[in-house]
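Welcome to this short tour. Have your viewer ready, and select each stop as you reach it.

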Amino acid sequence: MAQEYDVVVIGSGPGGYVAAIRAAQLGLTTACVEKWINAQSAPVLGGTCLNVGCIPSKALLESTHKFHEANTAFADHGIAVTQLAMDVSAMQQRKQAVVNKLTTGVSGLFEANGVALINGHGQLHEDCLVKVTAADGSITELKAGHVILAAGSVPVKIPPAPLQGDLIVDNVGALDMAAVPGRLGIIGAGVIGLEMASIWKRLGSEVVILEAMDKFLAVADQDIAREGLTLLKKQGLDIRLNTLVSATEVVDNQVKVSYKDSGGEVQQLTFDKLIVAVGRAPYTQGLLAADSGVQLDERGFVFVDNQCRTDAPNVFAIGDIVRGPMLAHKASEEGMMVADLIAGNQAETNYHCIPGVIYTHPEMAWVGRMEQDLKAEGVDYKVGKFPFAATGRAMAAHDTDGFVKLLADANTDRILGCHIIGAHASELIAQVVIAMEFGSSAEDLALTVFAHPSLSEAVHEAALAVGNHAIHMANRRARK
Ligand code: FAD
Ligand code: NAD
């Protein structure tokens, strides 16, 4: 006899667990199916984000940034540090403690909200029937009013670089290194590649990144990408664009990588570790029975409409298994929207207002349209740009790299996008996300009072610069 629920969620990442909690808050009986177990066979909640993604990477970025600051910037403040050393094992333990706190926190939230956790592999059948196969092979049947698929994504594999033990690794191995590799190779100069490169470079690794594209960070506004490339190279990252990895070989515990450089010449490099970070793919293995009625698109993503409805009645899909950016906050937002829709409420996700951040130092963050796209589409726009070097707070912090760039419609002044490279860009971008959600103009931001001294003043000045009225800028002709 199948157990009955109003809502069954498959996957407990930031899409699934948030959807389950919201559904339960709305009075729906809810179960969440998760197959991840730890070495002790205990269920692990939180998905990629909490366990092997956003959170552990940010914990390591934070630790290594502090180390790097102590090494390079403290002296400037008059702080003398002697015998500075990094205990990698302690750093990894702290990272794991943060992960454990958050994942057990999700269990606590499930309990508090009455979400039933069902451990095992979930598979969707016709008419919202979910069959869950536990680790011991036993099968539980769940009959749901609605099903939310939130199975996430897995790293893309490339034939010339198959994973090998702790030598050729993906994001999981990259976050778990027990010692600082002397020479670290990374395939892919995307978000993961750059964040991992920053972590290990700060601890002393010699890092080479091999990127297939001839353009750096093609997904970002090219102004930010150019500045980012310059600053990251200045930090010592060896970023080689337009390269094609043809083979890897493990010899004497080292990884030999063969690649074609931008001139077509075959080159070889030897590394102590190699990270493969060439993108992620939706994970739908064993998720859909033949009669589920759910269709995939040509790239393997679950096909959904703007409100995450699949082709099967009463079945929704959210997060990394559907179109759109593979970001935790996008997954969570879709989770809340879908739970609301199931409960009969009005809900939508504003896909034009999803911020993206790369947590290098300085951070790169953006929301909305990119300048190159506005240009290509012939949109009439204005630009306001302001450097952090001209703000007192950045000077006081001795952290003056980067700028804020605001794009606004030339006719309506409505904000179209914002691109920030600088310290705390991940926090600063939220101001513009809110402004855009409220349909604000650049002048609205320009007329807002910002605390002094603060990095946010650069956002204010960029908004003033759209109208050519930035105060702390010598060249007042800052328009495009
Ligand atoms: P996931 O988090 O992947 O969760 C899916 C869950 O479903 C997993 O727990 C899986 O075990 C479970 N599952 C799958 N199939 C089944 C099944 N059939 N039955 C039962 N359970 C199943 N995003 C950001 O926004 N900010 C960041 O800073 C950031 N950093 C990242 C760093 C790294 C190294 C990586 C790899 C990713 C990072 N991301 C970041 C991306 C982010 O982790 C994902 O976008 C997010 O986790 C997607 O959430 P999700 O709920 O769709 O899927
Ligand atoms: P990505 O798409 O960001 O970058 C992959 C890079 O690898 C691209 O630059 C691509 O051109 C390159 N590439 C692809 N095939 C290659 C090949 N054969 N040789 C050399 N280069 C190759 O993917 P990722 O860095 O793996 O991250 C996966 C996803 O996880 C991203 O979509 C991102 O949204 C998410 N993520 C987000 C954050 C964050 O929000 N801060 C952090 C990490 C990951």
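Strands here are DSSP runs of E with at least two residues, helices are runs of H or I with at least four, and both are numbered from the N terminus; two strands pair if DSSP finds at least two bridges between them.

Before moving on, note that this is a predicted model, where local features need pLDDT of at least 70, side-chain atom pairs count only at pLDDT 80 or more, and totals for chains, interfaces and linings use all residues. Residues are numbered from 1 along each chain as its sequence is written, chains are lettered from A and ligands numbered from 1 in the order in which they are written, and side-chain values use heavy atoms, with hydrogens and water left out.

Now show the whole sheet: 5 strands, ordered β8-β15-β9-β10-β11, form an open sheet with parallel pairing. At its edges lie β8 (168–169) and β11 (238–240), each pairing on one side only.

Next, head for another strand, β6 (residues 139–149). With β1 (residues 3–10), β6 pairs in the parallel sense over 7 bridges; select V9 to find I148 of β6 opposite. I148 also has a bridge partner in β17, namely F316.

Finish at β5 (residues 129–133), which runs antiparallel to β6 with 5 bridges. V132 has T140 as its bridge partner in β6. The two strands form a hairpin with 5 residues between them, and G137 in the turn has a positive phi of about 90°.
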